[in-house]
Amino acid sequence: MSVLEEIAEQIRGCTRCRLCEGRTQAVPGVGPEDAEIMFIGEAPGRDEDTQGEPFVGPAGQMLTQLLAGIGVDRGDVYITNICKCRPPSNRTPRPDEVEACREYLDGQIAAIRPTLICTLGAPALKTLLDDATLSVMKLNGTVLERHHLTFVPLIHPAAGLHQDRMRQPIQDGFRRLGEILTELR
Ligand code: URA
């Protein structure tokens, strides 16, 4: 069993926080073990909790489309969340829940060793960069180097499902990500 599979097994049996009580199943992550890019969202929603895979609901369809728009196949990237279990009524994960899951996330990053980590939404940005003052709107589509890792913060695709005015900034962030990838290659 690979390190990533071992982590996934631990996540599936995890009882470190209260979110284990309401879940249908935990959602460890999906994608190649040697993915160049990792996408890290907030937490599973209803569809993800049912299917055991991240970003398979409406936000996931949006993500798949945005990736296709910059020539990236969803199957080539690793996708996960800062929290692996669905919070009740899709509320934002609480700090102790994020903390309980942190070791799994750090383990996944260490196992995959991606060239680029794209955070989706404010909670993922603040958690991964350990800085609650960061603004995803300001940093959308920029490159940040921290902890010997390279991050590109992006606005969460789900924001575009709720607010039309967010669609353009979301697309702008992904367009910049496309440019960053072209420069890297
Ligand atoms: N939103 C997230 O942040 N993660 C998912 O897996 C689905 C929706």
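1. Let's start with Phe55, which you'll find in the loop between H2 and H3. (Helices, H or I with at least four residues, and strands, E with at least two, are DSSP runs numbered from the N terminus.) Phe55 counts as buried because its relative accessibility is 5%; buried means under 20% relative accessible area, exposed over 50%, and partly exposed in between, with a 1.4 Å probe and protein chains only. Phe55 also has a positive phi of about 50° although it is not a glycine. Most residues other than glycine have a negative phi.

2. A quick word on what you're looking at. This is a predicted model, where local features need pLDDT of at least 70 and side-chain atom pairs count only at pLDDT 80 or more, while totals for chains, interfaces and linings use all residues. Residues are numbered from 1 along each chain as its sequence is written, and side-chain values use heavy atoms, with hydrogens and water left out.

3. Stay in that loop for a moment and look at Gly57, placed between helix H2 (46-51) and helix H3 (58-69). Is Gly57 buried or exposed? It counts as buried, because its relative accessibility is 1%. Gly57 and Ser2 are 55 residues apart in sequence, and their C-alpha atoms are 28 Å apart in space.

4. Now the ligand. Which residues are around it? They are Gly41, Glu42, Ala43, Pro44, Glu48, Pro54, Phe55, Asn81 and His156, where a residue is near a molecule if one of its heavy atoms lies within 4 Å of it. This shell divides into 4 nonpolar, 3 polar and 2 charged residues. For the sorting, Ala, Val, Leu, Ile, Met, Phe, Trp, Tyr, Cys and Pro count as nonpolar, Asp, Glu, Lys and Arg as charged, and the others, Gly among them, as polar.

5. Asn81 brings a polar side-chain atom to 2.7 Å from a ligand nitrogen atom. For His156, an N or O atom in the side chain is 2.8 Å from an oxygen atom of the ligand. On its own the ligand has 240 Å² of accessible area, and the protein covers 91% of that; such areas come from the Shrake-Rupley method with a 1.4 Å probe, and for residues only the protein chains shown count as cover.

6. Gln108 is another buried residue, because its relative accessible area is 1%. It lies in helix H4 (residues 95-112). What does the side chain of Gln108 make a polar contact with? The partner is the side chain of Lys84, at 2.7 Å.

7. Compare that with His148, in the loop between strand E4 (144-146) and strand E5 (149-154). His148 is exposed, because its relative accessible area is 86%. Its phi is near 65°, a positive value in a residue other than glycine.

8. Finally, have a look at the loop between H3 and E2, where you'll find Ile70 and Gly75. Ile70 is partly exposed, with a relative accessible area of 22%, and Gly75 counts as partly exposed at 48% relative accessibility. For Gly75 and Ala35, 40 residues apart along the chain, the C-alpha separation is 9.4 Å.

Note on methods:
A polar contact is a pair of N or O atoms within 3.5 Å; within protein, one must be able to donate a hydrogen and the other to accept it, and residues adjacent in sequence count only if both atoms are side-chain atoms.
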